[in-house]
Structure formats: structure tokens, C-alpha cells
Amino acid sequence: MDEIPHREQYPDVRAWVRAIPVFATQPPPERPVTPRPQDLFLQWLTDAVDAGISEPHATTLSTVDEDGLPDARILLLKDVTADGWWFSGDDRSPKGRHLRATAAAALTFYWCEHGRQVRVRGSVRSGGSEVCGRDFVERSPLARAVASTGLQSEVLDDPRDYDRVVSERLEALDADPAWVSPHWRAWCLEATTVEFWQADPGRRHRRLRYRRDGATWTYEQLYP
């Protein structure tokens, strides 16, 4: 990979940013098109896992808030099924409130080592109590304690308040290990479009877009 330049060597930030190398990738062998985008996605995810890419299941979730403004955050993919792509969280969190107001979202996966990107867009629904409960209890005790406070993104005046609340939740969970927060949700993004993007140093990027038509999928190549 080319050496990243030092900012001090350039007259301004714009010149420095434009000098940062791009597409210094080593993509794995090209995968054939599959009838469903879920299958190709899982092949690309497998390639990333096998290559030792750090946190290959991390994804950017984009939502729209109550005022129509976009928001985004990085979280972890939880599952891929015939229904769609799954992620989870507390329904009192900002993303929970956003999805309650506008039940649509986008997921963006990026594996820079392979020069690969996948964009998933569609409607979002909550899974049933069984899948939500399973997602919650499979978290570590500390993750369950933090998630069940219902205080995500609230103002923290004193770090000791965080320690106290989490300690209280850990004690409660220790007394009732099977407890599931009634606010915990496992959401499924039911995709309407899924785009696969493979970088090319010569800017001849390969783009494949799947579009859902009822119960079937069609796909087409796109201009870079």
C-alpha cells in the first residue's frame, strides 16, 4: 500500500486529502451472480472473514429522524435470512425513535482491504418476541446491563452515574438471568434494492444492483 502523506507537506487540507491513496486493494476472485442478493452478500462476507478483515460484520445504519434529517451510526449485523438483514437495539434509542417515525433505512458495508461495498435499502420491521428475546439474551451480561438502562444518547452529567446504573442492572440480571428488556428490538431490513460495488484502480468499478419485484429479484450492471 502506498505511504499515506503527512498533512504538513501540503498547502491546505484539500490538497492533502486528495493525495491520500485510494483503491490500493487486493480483491479476492470474482464471485458469480446469484439469484438472491443475500447469497452473494454472504459470499463476500465470508471472503472478508477468511481474509482476517477486522469486524467485517460492522455496517453503517442510516435512518431519518422525526424532522426528516438523516442520521447514521455504525453497528453490528446480527443475521441474514430470506427476509433480509438483521440488526438490533433499544426502541428508546435515537435509531429506535427514527424507525418508529419512518420505518425505512439503509445499511452500508465497506471492506476497504477488498475494495468492496454493499448498499442495502428498504423497509424495516421488528421481529417477534422470540427473535428479539434471543438477540437480547445472547449478549454478554455487561452488554445486556448497558442496553437495558434506556439511557442511550442521554446527557451524562457525572460518569459515576453510569457506573451506578450499570452496576444496578448487573445485579438485577444476576438475580434473573433470563430477563429480557421489553424495549429490545431485533429489526429486519427487508431490502428493495441491494448494490454490490467492486473497486478498480482504473476507475472501471463494477456495480451490480439487485431489485426486488414481489417475491423475485432482478439484477443489472450499472455504469461506474
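Is C112 buried, partly exposed or exposed? In this predicted model, C112 is partly exposed, with a relative accessible area of 40%; buried stands for under 20% relative accessible area, exposed for over 50%, and partly exposed for the range in between (1.4 Å probe, protein chains only). C132 counts as buried, at 6% relative accessibility. A disulfide is a covalent bond between the sulfur atoms of two cysteines. A search of the whole structure for disulfides finds zero, the criterion being a pair of cysteine sulfur atoms within 2.5 Å. The cysteine sulfur closest to that of C132 belongs to C188 and lies 11 Å away, too far for a bond.

Residues are numbered from 1 along each chain as its sequence is written. The model being predicted, local features need pLDDT of at least 70 and side-chain atom pairs count only at pLDDT 80 or more, while totals for chains, interfaces and linings use all residues; side-chain values use heavy atoms, with hydrogens and water left out.

The protein has six helices and nine strands, taken as DSSP runs numbered from the N terminus (helices H or I, at least four residues; strands E, at least two). Its C-alpha trace spans about 60 × 55 × 40 Å along the principal axes. Of the 224 residues, 37% are buried. Among contacts (heavy atoms within 4.5 Å) between residues at least 6 apart in sequence, 60% join residues at least 24 apart.

In soluble globular proteins, nonpolar side chains tend to be buried together. Here the largest nonpolar core has 28 residues, a core being a set of buried Ala, Val, Leu, Ile, Met, Phe, Trp, Tyr and Cys residues joined through side-chain atoms within 4.5 Å. F41 and W85 have the most contacts inside this core. At least two core residues each come from α2 (37–50), β4, β5 (104–111), β6 (116–126), β7 (184–198) and β8 (206–213). Leaving aside residues up to four places away in sequence, F41 touches L77, V80, W85, F109, W111, V118 and F196.

The largest pocket has a volume of about 500 Å³ and is lined by 26 residues, with V146, A147, T149, L151 and Q152 nearest its centre. A pocket is an open set of points on a 1 Å grid over the protein atoms alone, where a 1.4 Å probe fits, with protein on both sides within 12 Å along at least five of seven lines; lining residues have an atom within 4 Å of a point. Grid points are joined across faces, edges and corners, and the volume is the space filled by probe spheres set on them. β2 (70–76), β4 (85–90), α5 (141–147) and α6 (159–175) each supply at least two lining residues, and α6 gives the largest share, five residues.
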